[in-house]
Every structure is written in structure tokens, then in C-alpha cells.
Amino acid sequence: MRRRRIIRVFVVLVLLVSLVGLPTFDGWSMGSRVPAVGTLVEDFHLTDLEGKSQSLSQYRGKIVLLNFWATWCKPCTTEMPAMQAIYDKLRDKGFVVLAVNELEDDAKVREHIKQYGHTFPVLIDRDNKVANQFGVFGLPVSVFIDQEGRAQEYIKGGLLTEQKIEETVARIQKQQPIKVAALQ
């Protein structure tokens, strides 16, 4: 009898969760607001590995590759050398990479960046708010933002290569039609 009651309660809970969804807790909920391509993205402020506050708006006038990543994410770390190569090549031509690390310890992130020799700005999203702001659900996610602060391409999954980054930057510079790419 008690077992049946427990099973019924469990079934009701499963049905409720499937109909309503799980509750979210500020800072830990998964992203749900993927920026619409062509729209202005909301500004944010995060701290870099040197402890300085950085904002997206301070890079207005540049093409920004906003990349959400973590040290434990193999596709993330696999695409980082391509990001570094193009950053080295184009940073004097109005291009910047902002690598936003999600929820990891500063020391661990600092060690990873030092080990691989990355020199682009690395920002720490301690409470996951910026990742949520950009609809990040799974890693890596990259958002290309044009000089005016508009989302131009949203890429989910480890799809970045030097060629892909360079072509996207060139297209944004020429203001060619925008698109969305995703790994299904």
C-alpha cells in the first residue's frame, strides 16, 4: 500500500516536471535567450584573469568573437588554437576574442591559459549569468558580434577553425548577409 502511494507520487512528480519543467535557480539555470541574429546584444561586465572588470561595450567598434568554454570541454580546448591564430593575425585590424569561462576556479583557468599560451582576454562567468544571457546550453558556444554590437552569427558546438573564423570576420567586415550555424 505504501509502495503504491510512493509510485503514484513519483508518477505525479514526473508528469508535473514534464509539463511545467524544472525550477531554475538564479545563476545555475540553463540559457534560454539565444540572441537573434542581427539584433543588438545586451552589454555585460565580467572580471578578467588579472581581476580587471571588462565589458562587452568597451569593444564597440571591433568585431568580437565571444566564446563560451571550460577547461574540461574537449571541443572547447580543441578550437582555442584556431581562435588564438586568428586573434594574432587580426587583432590589429579590429578583431578581438573574448573567451568566457563558465563556473571554473580562476587558478585552474589561469593555469590552462598559461599552459597553452593564449593571449586573448579571458573572462570569468562565476555565476553563469552571461552564459544565460546568451542562451548557452552546452559548450562550446561562439557568438560573432559586429562593430555596432549586433549578433551576426551564433555557433553551437566545436565548429571553429581558422578558416571559419577568418571567413566570418571577412563577411562581417563586408556586411554580407547574416546566418545561424549549429551542430545538431
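This is a predicted model: local features need pLDDT of at least 70, side-chain atom pairs count only at pLDDT 80 or more; totals for chains, interfaces and linings use all residues.
The average pLDDT of the chain is 86, and 79% of the residues score at least 70. Residues 13–30 are a stretch where pLDDT stays under 50; for this stretch the model has 14 contacts beyond four places in sequence.

Five helices and eight strands make up the secondary structure of the chain. Read from the N terminus, the order of elements is α-β-β-β-α-β-α-β-α-β-β-α-β. Of the contacts between residues at least 6 apart in sequence, 71% join residues at least 24 apart. The chain has 184 residues, of which 45% are buried. Its accessible surface is about 10,700 Å², with 56% of that belonging to carbon and sulfur atoms.

Side chains of opposite charge can pair when their charged atoms come close. The structure holds six salt bridges. One of them joins Arg-126 and Asp-106, with 2.5 Å from N to O. Arg-126 is partly exposed, its relative accessible area being 46%.

Another salt bridge pairs Glu-153 with Lys-164 at 2.7 Å, N to O. Because Glu-153 lies in strand β7 and Lys-164 in helix α5 (residues 162–174), the pair ties together parts that are 11 residues apart in sequence. Both of these residues, Glu-153 and Lys-164, are buried. Glu-153 also forms a salt bridge with Arg-171, where the closest N and O atoms are 2.7 Å apart. This pair again links strand β7, which holds Glu-153, to helix α5, which holds Arg-171, across 18 residues. Glu-153 has a relative accessibility of 1% and so counts as buried; Arg-171, at 10%, counts as buried too. Through shared partners, the salt bridges join Glu-153, Lys-164 and Arg-171 into one network.

Asp-146 is a buried charged residue without a salt bridge. Its place is in the loop between β6 (141–145) and β7 (151–156). The nearest side chain of opposite charge is that of Arg-150, 5.2 Å away, whereas a salt bridge requires the nitrogen and the carboxyl oxygen to be within 4 Å. The side chain of Asp-146 does make a polar contact of 2.9 Å with the side chain of Gln-152. Leaving aside residues up to four places away in sequence, Asp-146 touches Lys-62, Gln-152 and Ile-172.

Terms used
Residues are numbered from 1 along each chain as its sequence is written. Side-chain values use heavy atoms; hydrogens and water are left out. pLDDT is the predictor's confidence in each residue, from 0 to 100. Contact means heavy atoms within 4.5 Å. Helices (H or I, at least four residues) and strands (E, at least two) are DSSP runs, numbered from the N terminus. Buried means under 20% relative accessible area, exposed over 50%, partly exposed in between (1.4 Å probe, protein chains only). Lys and Arg count as positive and Asp and Glu as negative; His and the chain ends are not counted. A polar contact is a pair of N or O atoms within 3.5 Å; within protein, one must be able to donate a hydrogen and the other to accept it, and residues adjacent in sequence count only if both atoms are side-chain atoms. Accessible areas come from the Shrake-Rupley method with a 1.4 Å probe; for residues, only the protein chains shown count as cover.
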